[in-house]
Amino acid sequence: MPHLFYHIVCRGNRRDPLFKEANDFRAFLYILEQLHEKIPFELASYCLMTNHFHLQLRSQQESISKVMAFINKRYANYYNTRYGLTGHVFEKRYFSKIIDDDAGMLEVSRYIHLNPVEARMVHLPEHYRWSSFHFYHQSPALPSFMNIDVLLRYFSGTMVEKKKKYVQFVKEDVVPNCVKEE
């Protein structure tokens, strides 16, 4: 369904790392930028973990399977070339679940942005460099594939107020835990 978003999860083969160093994360994001020029798609949120990634993705012109095939093929080519490997980079095709309501859109984005917190890699989502949370928390230039308006539309106010409310929504369960630790 082209008007709906999907929660996509893709793991490294044998749960091996997909991203070994900062340049791997950068390469993946560059691939998203390059593909977006050829196949328009939108991400409402993403998080690139060490051995898997999450995308909240919609493509209104091409099937999700085609978009994911291009993303994974290009990244696998990069990864195998970079590390002198052959064979499968990804464990399976990918997991996808359609998000068919407003609450689901917000919950999936919160889940994605809190992934590094849940994995105890960081205390707060804004401390994790390889997710889209910083586009909501701060105001850096958006990559062409990001569409933050699809999540911010659930909140009222100016753009700054909407971002603040979204950040509070994501962190509402996290902040008390972090305060106790400090």
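This is a predicted model: local features need pLDDT of at least 70, side-chain atom pairs count only at pLDDT 80 or more; totals for chains, interfaces and linings use all residues.
Residues are numbered from 1 along each chain as its sequence is written, and side-chain values use heavy atoms, with hydrogens and water left out.

I begin with the core. A nonpolar core is a set of buried Ala, Val, Leu, Ile, Met, Phe, Trp, Tyr and Cys residues joined through side-chain atoms within 4.5 Å. Buried means under 20% relative accessible area, exposed over 50%, and partly exposed in between, with a 1.4 Å probe and protein chains only. The largest such core has 59 residues, and Phe53, Leu57 and Tyr166 have the most contacts inside it. Helix H2, residues 64–83, gives the most to this core, with 7 residues; helices (H or I, at least four residues) and strands (E, at least two) are DSSP runs, numbered from the N terminus. Leaving aside residues up to four places away in sequence, Phe53 touches several residues, including Ile8, Leu18, Phe28, Met68 and Phe90. Contact here means heavy atoms within 4.5 Å.

I turn now to helix H1. The buried residues of H1, among them Phe25, Phe28 and Leu32, pack against strand S2 (42–48), strand S3 (52–58) and H2.

Next come the aromatic rings. A pair of aromatic rings is described by the distance of the centres and the angle of the planes. Rings of Phe, Tyr and Trp (its six-membered ring) pair if their centres lie within 6.5 Å; planes under 30 degrees apart count as stacked, over 60 as edge-to-face and the rest as tilted. How many aromatic pairs does a search of the whole structure find? The search finds 17. One of them, Phe25 with Trp130, is stacked, at 4.6 Å centre to centre and 5° between the planes. Phe25 lies in helix H1 and Trp130 in the loop between helix H3 (102–118) and helix H4 (133–137), so this pair ties together parts that are 105 residues apart in sequence. The rings of Tyr79 and Tyr83 are tilted, because their planes stand at 50°, with centres 5.0 Å apart. Tyr79 is buried, at 6% relative accessible area, whereas Tyr83 is partly exposed, at 22%. Ring pairs link Phe25, Trp130, Tyr79 and Tyr83 into a cluster that also includes Phe53.
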